[in-house]
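User: I'm new to this one. Can you walk me through it?
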Amino acid sequence: MAREYLTDEEVEYEIERLTNSREVKLARLEQRLKYLRRQRLYTLRHLEKRGKKLIEEGITADLLRTQSKCLEEEL
C-alpha cells in the first residue's frame, strides 16, 4: 500500500481549517485554563515556602507593616 503525501498547498489548507475549527478553539481554551491553574498552584507553593522561611526567621506581619510605615515616612 503506497503512502500518500500531502502537497504544500494541502498542508496549508489543513492548517487553516484546523486553526479556525471550533473544536481546536475549545481545546486551546481548556489548555490555557489548565496552564493558568498550574501557574497559580506553583505561585502559591512558592509563597508558602517563603512564608515558612520568614516565620523561621522570626518575621511577623506586624514587623513588616512597621517597616513599611518607616519607609513611607522617609519618602
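User: How many positive and negative side chains does the protein chain have?
Analyst: The protein chain has 17 positive and 16 negative side chains. The centres of the two sets lie 8 Å apart. Lys and Arg count as positive, Asp and Glu as negative, while His and the chain ends are not counted. A charge is placed at NZ of Lys, CZ of Arg, CG of Asp or CD of Glu.

User: Before we go on, what sort of model is this?
Analyst: This is a predicted model: local features need pLDDT of at least 70, side-chain atom pairs count only at pLDDT 80 or more, and totals for chains, interfaces and linings use all residues. Residues are numbered from 1 along each chain as its sequence is written, and side-chain values use heavy atoms, with hydrogens and water left out.

User: Back to charges. Which residues form the negative surface patch?
Analyst: Glu-4, Asp-8, Glu-9, Glu-10, Glu-12 and Glu-16. A patch takes residues with over 30% relative accessible area and no salt bridge; like charges are joined within 9 Å, and nonpolar side chains (Val, Leu, Ile, Met, Phe, Trp, Tyr) within 5 Å. Glu-12 lies in helix α1.

User: Is Glu-12 buried or exposed?
Analyst: Exposed, with a relative accessible area of 52%. Buried means under 20%, exposed over 50%, and partly exposed in between (1.4 Å probe, protein chains only).

User: And how many salt bridges are there?
Analyst: A search of the whole structure finds 3. A salt bridge here is a side-chain nitrogen of Lys or Arg within 4 Å of a carboxyl oxygen of Asp or Glu. Side chains of opposite charge can pair when their charged atoms come close.

User: What does Glu-14 pair with?
Analyst: Arg-17, at 2.7 Å, N to O. Both lie in helix α1, 3 residues apart, about one turn of the helix. Glu-14 is partly exposed at 30% relative accessible area, and Arg-17 is partly exposed at 40%.

User: Where does Glu-14 sit relative to Arg-50?
Analyst: They are 36 residues apart in sequence and 48 Å apart in space, C-alpha to C-alpha.

User: What about the salt bridge of Glu-30?
Analyst: Glu-30 meets Lys-34 at 3.6 Å, N to O. They are 4 residues apart in helix α2, so about one helical turn separates them. Glu-30 is partly exposed at 45%, and Lys-34 is partly exposed at 46%.

User: And what does Arg-65 meet?
Analyst: Asp-62, at 3.1 Å, N to O. Arg-65 and Asp-62 are exposed.

User: New topic. How many helices and strands?
Analyst: There are 3 helices and 0 strands. Helices (H or I, at least four residues) and strands (E, at least two) are DSSP runs, numbered from the N terminus.

User: How spread out is the protein chain?
Analyst: Its radius of gyration is 26 Å, well over the 11 Å that the globule rule gives for 75 residues, so it is more spread out than a compact globule. That radius is taken over C-alpha atoms, and the rule is 2.2 Å times the number of residues to the power 0.38. The C-alpha atoms fill a box of roughly 75 × 30 × 20 Å along the principal axes.

User: What share of residues counts as buried?
Analyst: 3% of the 75 residues.

User: Which residues form the nonpolar patch?
Analyst: Leu-26, Leu-29, Leu-33, Tyr-35 and Leu-36, with about 520 Å² of accessible area together. Accessible areas come from the Shrake-Rupley method with a 1.4 Å probe, and for residues only the protein chains shown count as cover. Leu-29 is found in helix α2 (residues 22-56).
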